[in-house]
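I opened a new notebook page for this structure. These are my entries, in the order I looked things up.

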Amino acid sequence: MVGSDENFSGVMRASNLQGGLRPVVGGGKLTAGVGQNRRALSTINRNVIGAPPLPYAVNKRNGISDNKANAANKIPPVPIHRPITRKLAAQIASKQQQPAVEVTKPPVPLAPNRNESEDCIIIDAEEYKATGDSSVPMFVQHTEAMMEEIDRMDEEIEMEDVEDCPIVDIDSTDKKNTLAVVEYIDDIYAYYKKTEVLSCVPPNYMEQQIDVNERMRAILIDWLIEVHYKFELMEETLYLTVNLIDRFLAVQSVIRKKLQLVGITALLLACKYEEVSVPVVEDLILISDKAYTRNEVLVMEKLMVNTLQFNVTVPTAYVFMRRFLKAAQSDKKVELMSFFLIELCLVEYEMLKFPPSMLAAAAIFTAQCTLGVSKEWNKTCEKHSSYAKDQLSECSRLMVSFHQKAASGKLTGVHRKYSTSKYGYAARCEPASFLLEAAWF
């Protein structure tokens, strides 16, 4: 294929030269004469003014450029993205609607407000109405409508920050985990919620006890918390132990010297139900300073299971804690603080009036407030716990009061336990005293 000769300086054709070849004075070389149809660079430059800032490719075929074709198929400039402000929205609306308006009356003299970047006139609707003209142009009405829509959108954006987060599917990540039983988990906890009454005891059951009072109960449970910690038992074991003690004392009267026997027997039963490795009876007798014999422990065990009608499977506060912590998407700090607060409640007799699910929900909410994570009870927590924030107010305030006096007094077993590195020094955090204000909830 033979290409064009226009790029080779040594090749010259007569058809390309308008003036032919002329000899140069003083030399033997020939130069191309300047044709009559040549234009000066200034003339060409005037034609270039207004072209896009980016150069276009030029196809040359046989020395002829395709500039005219490119001019016909001119690529539109890339639009500049600007934020839609009220001023720009009014300008766009006036551009779209102004050509369609037929002016039947003399135009109202208005001072044009010409923008530097946009060649359009801004007309204030209020000034237009003030002139006494009853008919407002369509583009002015359209502009007002757009500005009202922008105001409405701004209000909606502001409200989005105030509204609670949507309900989160907390089981979406466990769909492939067969142990999580995602298909049945909601039904399981709905059943727990209905049957938690089995784990509740009358809040005034101590009135029927002759030789045992609230103070002795608190001392027993505080001691069992320390035993549980030294034996390194599971958390479920502690909550079931306290539940067995309260349910047994609610229907069976005991004397003072047998109260510790009730405690170690309840711990033995809970270990048999929850633990893999169960402490032997001799270990429990040893920690009670050999106050009881093996036979006494076994007799009390038979009496306890028969009194409770072998009903050991009950939903304790620990069962609800695990589900509600997942709903609250809590980290390890919130988890430890929640368990610290709810173990403080195990010692207090007055907290028996609250169901286990409410204790768990209030402990998590109070822990979030204590650590500054959140002061709200979001929709996800409310859905899974079935409690609103105002329903947790009384229980939460009592937890804060227990936290304030946890380090003082004689019953400091929970505070010592949660003042260790294993439990993240949760007891050293300052209590959320602002929850005690009456107007806070």
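**Entry 1. The whole chain.** I noted at the start that this is a predicted model. I counted the secondary structure and got 17 helices and 4 strands in the protein chain. I then looked up burial: of the 441 residues, 37% are buried. For the surface I got an accessible area of about 27800 Å², and carbon and sulfur atoms hold 55% of that area. I also looked at contacts with a separation of 6 or more, and 72% of them join residues 24 or more positions apart.

**Entry 2. The cavity.** How many cavities of 30 Å³ or more does a search of the whole structure find? I found 1. The largest cavity holds about 290 Å³ of space. Its lining has 20 residues, and Ser199, Leu346, Leu352, Pro356 and Leu359 are the closest to the centre.

Which helix gives the largest share of the lining? I wrote down helix 8, with 4 residues. Helix 8 (235-251), helix 13 (332-347) and helix 14 (356-371) supply at least two lining residues each. I sorted the lining by residue type and got 14 nonpolar, 3 polar and 3 charged. I also checked the domains: domain 1 (202-308) and domain 2 (317-436) each give at least three residues to the lining.

**Entry 3. Helix 12.** I picked helix 12, residues 317-327, and asked how many of its 11 residues are buried. The count is 8, and the helix is mostly covered. The buried ones are Ala317, Tyr318, Phe320, Met321, Arg323, Phe324, Leu325 and Ala327. I looked for what covers these buried residues and found, among others, helix 6 (185-195), helix 8, helix 13, helix 14 and helix 15 (379-385). After helix 12 comes Gln329, with a positive phi near 50°.

Entry 4. Gln309 is not a glycine, yet its phi is positive, near 55°. Gln309 sits in the loop between helix 11 (294-307) and helix 12. Is Gln309 buried or exposed? The relative accessible area of Gln309 is 68%, which is over the 50% cut-off, so I put Gln309 down as exposed.

Ser386 is not a glycine either, and I read a positive phi of about 65° for it. Ser386 lies in the loop between helix 15 and helix 16 (393-404). At 48% relative accessible area, Ser386 falls between the 20% and 50% cut-offs, so I put Ser386 down as partly exposed.

**Entry 5. Tyr229.** I located Tyr229 in helix 7, residues 214-231. Tyr229 has a relative accessible area of 29% and therefore counts as partly exposed. Which residues does Tyr229 contact, leaving aside neighbours within four places in sequence? I listed Lys417, Thr420, Lys422 and Tyr423. I also looked up Gly413: Tyr229 and Gly413 are 184 residues apart in sequence, while their C-alpha atoms are 9.7 Å apart in space.

**Entry 6. Ile210.** Last, I looked up Ile210, which is in the loop between helix 6 and helix 7. Ile210 counts as exposed because its relative accessibility is 79%. Along the chain, Ile210 and Arg256 are 46 residues apart, and 8.9 Å separates their C-alpha atoms.

Notes. Residues are numbered from 1 along each chain as its sequence is written. This is a predicted model: local features need pLDDT of at least 70, side-chain atom pairs count only at pLDDT 80 or more; totals for chains, interfaces and linings use all residues. Side-chain values use heavy atoms; hydrogens and water are left out. On a 1 Å grid over the protein atoms alone, a cavity is a set of points where a 1.4 Å probe fits but cannot get out, and a pocket is an open set with protein on both sides within 12 Å along at least five of seven lines; lining residues have an atom within 4 Å of a point. Grid points are joined across faces, edges and corners, and a volume is the space filled by probe spheres set on the points. Ala, Val, Leu, Ile, Met, Phe, Trp, Tyr, Cys and Pro count as nonpolar, Asp, Glu, Lys and Arg as charged, and the others, Gly among them, as polar. Domain bounds come from an automatic or database domain assignment. Buried means under 20% relative accessible area, exposed over 50%, partly exposed in between (1.4 Å probe, protein chains only). Contact means heavy atoms within 4.5 Å. Accessible areas come from the Shrake-Rupley method with a 1.4 Å probe; for residues, only the protein chains shown count as cover.
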